[in-house]
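This briefing covers the overall make-up of one chain and then turns to a selection of its residues. Please consult the sequence and the model alongside the text.

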Amino acid sequence: MATIQYRQFKALLHARSFSAAARFAESQSVAHNDTNAFWLNQHAIALNRQGEFAASLERTEKALRLDPDNAYILLARADAFAGNKQFKQALDLYREIIRNRQVGQRARYGILSCLSQQHRWTDLDACLAQWNLPPRQALPWQVKSAAGKNRSDAAHELCKKWLAQEPDNPRALWELTRLEVSTEGIEPVRKRFGRLSKIPGKPHIYQEIYAWLCKRDGIVDAAVKQYEKLTQQDNDPRLIKKQAFALAKSGRESEAIGLMEELMRIDPKDYFIERSYIAACRRIAQLERGWNFFHELRSLFPDDNSLWGKIKRIQKELEKTDSRQSS
């Protein structure tokens with residue numbers, strides 16, 4: 001039976017509050033003096049979700065010293081290697097646990113993901129043939145393989161087959177959109193999704209893809225409006241991030257900065273947001289706002305020592321600016 005603490009941890013992961021999940025798992029591990037392999041591994045899992053793969057490798061190494069044959073720890077370690085682009089080490093571990101009943105399916109996914117990222121389409125096809133996966137699991141990889149081998153017609157047909165089995169599947173729609181853009185050009189695809197996004201009852205994914213197409217086609221104001229509608233319907237940090245970047249691209253830097261601050265209050269370790277935020281502050285001469293904001297984050301996350309480094313870097317920039325202005 002899952003403990004209350006584990007249910008809390010899973011709820012944070014489900015809410016995509018990865019930084020909070022990592023802190024919670026770390027606190028549980030510290031409470032056991034870092035001698036509990038389970039919580040060491042949960043910390044590693046949360047770090048993987050954050051993209052902190054080197055830190056995750058350190059935690060799984062500790063966990064494996066306590067429980068060397070634990071397949072769940074080996075899986076988290078393989079995921080960390082894969083995230084760190086250490087594909088050989090990742091593949092070796094995934095293959096070690098592929099026959100394990102609890103994690104075998106996730107290990108197969110990891111192998112296919114590694115092969116896909118390396119564009120090893122022949123090896124990927126061989127795995128699919130060997131494993132004889134059900135269509136729901138095989139079709140996404142068959143689409144990637146066909147597209148990777150520049151077999152656009154085959155990839156289109158596979159995407160349509162996928163959507164026939166799972167209508168409105170977001171992954172299938174994204175794959176089909178990218179294929180259509182590459183073969184038709186962006187304008188007709190954008191117009192088509194513009195019509196689809198207005199159909200009542202259609203899932204939000206159509207509006208999200210339409211916003212992406214508008215942004216990619218240089219119609220940034222339309223993208224901003226679409227993201228604003230989406231975030232009013234769904235306060236998903238992933239959508240807020242896209243809205244912030246669209247606002248920044250449209251020149252509405254101040255609004256973008258406000259959204260980025262909102263996101264960093266949720267997850268201060270999103271380095272892509274952090275870099276974009278500092279760059280936006282710099283562009284509109286509001287580095288002092290950034291300096292004050294990172295001090296606010298420091299009060300919210302007193303254990304995050306990396307925030308001091310950000311404060312010092314901004315402080316140096318401000319001092320240089322003051323020096324130039326006074327000379």
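The chain has 19 helices and zero strands, where helices (H or I, at least four residues) and strands (E, at least two) are DSSP runs numbered from the N terminus. This is a predicted model, in which local features need pLDDT of at least 70 and side-chain atom pairs count only at pLDDT 80 or more, while totals for chains, interfaces and linings use all residues. Residues are numbered from 1 along each chain as its sequence is written, and side-chain values use heavy atoms, with hydrogens and water left out.

**Overall dimensions and surface**

- Taken along the principal axes, the C-alpha atoms of the chain fill a box of roughly 70 × 55 × 40 Å.
- Of the 327 residues in the chain, 46% are buried; buried means under 20% relative accessible area, exposed over 50%, and partly exposed in between, with a 1.4 Å probe and protein chains only.
- The chain exposes about 17,500 Å², of which carbon and sulfur atoms supply 50%; accessible areas come from the Shrake-Rupley method with a 1.4 Å probe, and for residues only the protein chains shown count as cover.
- Among contacts (heavy atoms within 4.5 Å) between residues at least 6 apart in sequence, 47% join residues at least 24 apart.

**Charge**

- The chain carries 53 positive and 40 negative charges, and their mean positions are 3 Å apart.
- Lys and Arg count as positive and Asp and Glu as negative, whereas His and the chain ends are not counted; the place of a charge is taken as NZ of Lys, CZ of Arg, CG of Asp or CD of Glu.
- A patch of positive charge on the surface is formed by Lys10, Arg16, Arg49 and Arg106.
- Patches are made of residues with over 30% relative accessible area and no salt bridge, like charges being joined within 9 Å; a salt bridge is a side-chain nitrogen of Lys or Arg within 4 Å of a carboxyl oxygen of Asp or Glu.

**The loop between α1 and α2**

- Arg16, one of the patch residues, is located in the loop between α1 (4-14) and α2.
- Arg16 is partly exposed because its relative accessible area is 40%.
- Ser17 is also found in the loop between α1 and α2, and it counts as buried because its relative accessibility is 16%.
- Not counting residues up to four places away in sequence, Ser17 touches Leu12 and Ile266.

**Positive phi values**

- Most residues other than glycine have a negative phi.
- Asp34, in the loop between α2 (18-31) and α3 (37-50), has a positive phi near 55 degrees and is partly exposed at a relative accessible area of 22%.
- Ala285, in the loop between α17 (271-283) and α18 (287-300), also has a positive phi near 55 degrees, and at 70% relative accessibility it counts as exposed.

**Two helical residues**

- Ala211 lies in helix α13 (residues 204-216) and counts as buried, with 0% relative accessibility.
- Leaving aside neighbours within four places in sequence, Ala211 is in contact with Ala223, Gln226 and Tyr227.
- The C-alpha atoms of Ala211 and Asp221 are separated by 9.7 Å, with the two residues 10 apart along the chain.
- Arg171 belongs to helix α11 (residues 170-184) and is partly exposed, its relative accessible area being 40%.
- Beyond its neighbours within four places in sequence, Arg171 is in contact with Pro140 and Trp162.
- Arg171 and Pro140 are 31 residues apart in sequence, and their C-alpha atoms are 7.9 Å apart in space.

Definitions and conventions:
Patch = residues over 30% accessible without salt bridge, like charges linked within 9 Å, V, L, I, M, F, W, Y side chains within 5 Å.
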